[in-house]
Amino acid sequence: MGDPKKPASRSQAWFGRDGKQGFYYRSWLKSAGHPHDMFDGRPVVGICNTWSELTPCNGHFRELAEHVKRGIYEAGGFPLEFPVMSLGETQMRPTAMLFRNLVSMDVEESIRANPIDAVVLLMGCDKTTPALLMGAASVDLPTIGISGGPSLSGNWRGRPLGSGTGVIQMSEMVRAGELSQPDFIEAEACMQRSKGSCMTMGTASTMASMVEALGMSLPENAAIPAVDSRRYRLAQLSGRRIVQMVREDQRMSRVLTRQAFENAIRVNAAIGGSTNAVIHLLALAGRIGVELKLDDWDRLGSKLPCLLNLKPSGQYLMEDFFYAGGLPALMREIADHLHLDAATVNGKSIGENIADAPCWNRDVIRPASEPFKAEAGIAVLRGNLAPDGAVIKPSAASPQLLRHRGRAVVFENIEDLHARIDDGQLDIDESCVMVLKNCGPRGYPGMAEVGNMPLPPKLLRQGVTDMVRISDARMSGTAYGTVVLHTSPEAAAGGPLALVRNGDFIELDVPGRLLHLDISDEEMAARRAQWQEPPRPARGWYKLYVDHVQQAHLGADLDILVGGSGDAVPRDSH
């Protein structure tokens, strides 16, 4: 056995030991049938699995992990699978985002506490992706990400039905009296037809694209359908590659550079990606030590066109994106805007990975010379209503509302919204600005995806399909509309949003990047003096979260988690 003071690899600090300690560490793992030579110094690769029956998007991850193991064994490594808390956006209350930082802690400490030389991250439903990346970044071992892939395209009565986007559209039709409840129920089984995440450009597909754009996965990771055999091939090849990464000592910090984040911001614009990517990439950058600011999203990506004709901004679904050439084909179209020498986990540069990527369908992936939508990246707004910034996705908004001044109709919290939105006596018209408070990181808590407030039925029946909506909440990437999100500071932290009253006038000027509350500084100060902070949770994770969560413009990570503690081997347990 090797010298415990100078292990040949991290795992050898456990397994390469003589005497009682080595006996402990090896013997209990041998209970699974592993022969002695598995402990001979070969790379030990942890497979971080977010499988759960409560997370249907990740329901195929047991099979995916087996293909990863095949590749690791083939390359001479020793795979060991371990679970972490699974975040299913479709089932968890009050919001999966409340637990993103908790799972990142689970991942970080699971990796550091165990005999692991490298890690493969199995990620699917949208918050699992940033959570796993953030936790792994704080340890900084060789790491590969594998997304679970989108589900099969939804289809209802012969027409495409996209995850989230379809249900939002149809629920508004029900509320307007245009669709029956039995038809609405029938569509439930038609939308989600297989395992896998949302097949629109929601947050899950956006984050899978970010993983690939950052260089943290093998090419084609973003779009291969979950149930396509090529997803399992990708997993097996990733298993082979991670073993070689250990030998090359290619850690996350060698891939997640400033160039990588700039590439991801630009790719997000080109795919019409979710606003949630803003908050997740800011948090990830904070973990790996890259300086990234909210304004970088506007500066680097807001003027770029959207090339992808995909719901919710367009017509097609993720299956079509894959068949058209996937993310490599799209990235090739914006190659002039990318850092082509940025490193990736397969040992090649971004430029090398996309150099020969073909496009098979120009209606799905438009050429840069004929974009689907112009200037479609995330816009960052500021003003006296959002001193630290707010975001809007112009490609999902109504062009005529991007400059708008209207009377505020205020909802103090989500319960207030639900209680009054269907009231036929609600004093609101299509020119009004809907304002929702106390739905930010502290206020909900967890910053739920409620920013795309439903429109009042009386306006829906008049044919109104969009209104300006402002909140400190998030919005699902599958949603759409002229929706201002992530207003910072949030209402529960005493931000100006908390001071808005019914009848105030608000000015939105997206081209001018302005979000302004039309009251005087004196009136603002007088209202602030009357404001009272809402009570905080008394115990448990809710208390820890609310006491330490940062505001949206910083990524909503916990202040105590920013940065990392590295891969130092802890003390012996016996």
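Tutor: A residue is called buried when its relative accessible area is under 20%, exposed when that area is over 50%, and partly exposed in between (1.4 Å probe, protein chains only). The model is predicted, so local features need pLDDT of at least 70 and side-chain atom pairs count only at pLDDT 80 or more, while totals for chains, interfaces and linings use all residues. Residues are numbered from 1 along each chain as its sequence is written, and side-chain values use heavy atoms, with hydrogens and water left out.

Student: Why does Tyr323 count as partly exposed?

Tutor: The relative accessibility of Tyr323 is 44%, and therefore Tyr323 counts as partly exposed. Phe322, by contrast, has 9% and so counts as buried.

Student: What makes Ser398 count as buried?

Tutor: Its relative accessibility is 14%, which is under 20%, so Ser398 is buried. Ser398 is found in the loop between strand E8 (386–392) and strand E9 (403–411); helices (H or I, at least four residues) and strands (E, at least two) are DSSP runs, numbered from the N terminus.

Student: How do you know that the side chains of Ser398 and Asp466 are joined by a polar contact?

Tutor: A polar contact is a pair of N or O atoms within 3.5 Å; within protein, one must be able to donate a hydrogen and the other to accept it, and residues adjacent in sequence count only if both atoms are side-chain atoms. The polar contact between the side chains of Ser398 and Asp466 is 2.5 Å, and therefore falls within the limit of 3.5 Å.

Student: How many aromatic pairs are there, and why is the pair of Tyr24 and Trp28 called stacked?

Tutor: Rings of Phe, Tyr and Trp (its six-membered ring) pair if their centres lie within 6.5 Å; planes under 30 degrees apart count as stacked, over 60 as edge-to-face and the rest as tilted. By this rule the count is five aromatic pairs. The ring centres of Tyr24 and Trp28 are 5.8 Å apart and their planes stand at 20°, so this pair is stacked. Both residues lie in helix H2 (residues 19–30), four residues apart, about one turn of the helix. Phe322 and Tyr323 also form an aromatic pair, at 5.9 Å centre to centre and 50° between the planes, and this pair is tilted.

Student: What makes the charged end of Arg62 sit over the ring of Trp51?

Tutor: The criterion requires NZ of Lys or CZ of Arg within 6 Å of the ring centre and within 35 degrees of the ring normal. The charged end of Arg62 is 3.7 Å from the centre of the Trp51 ring and sits over that ring.
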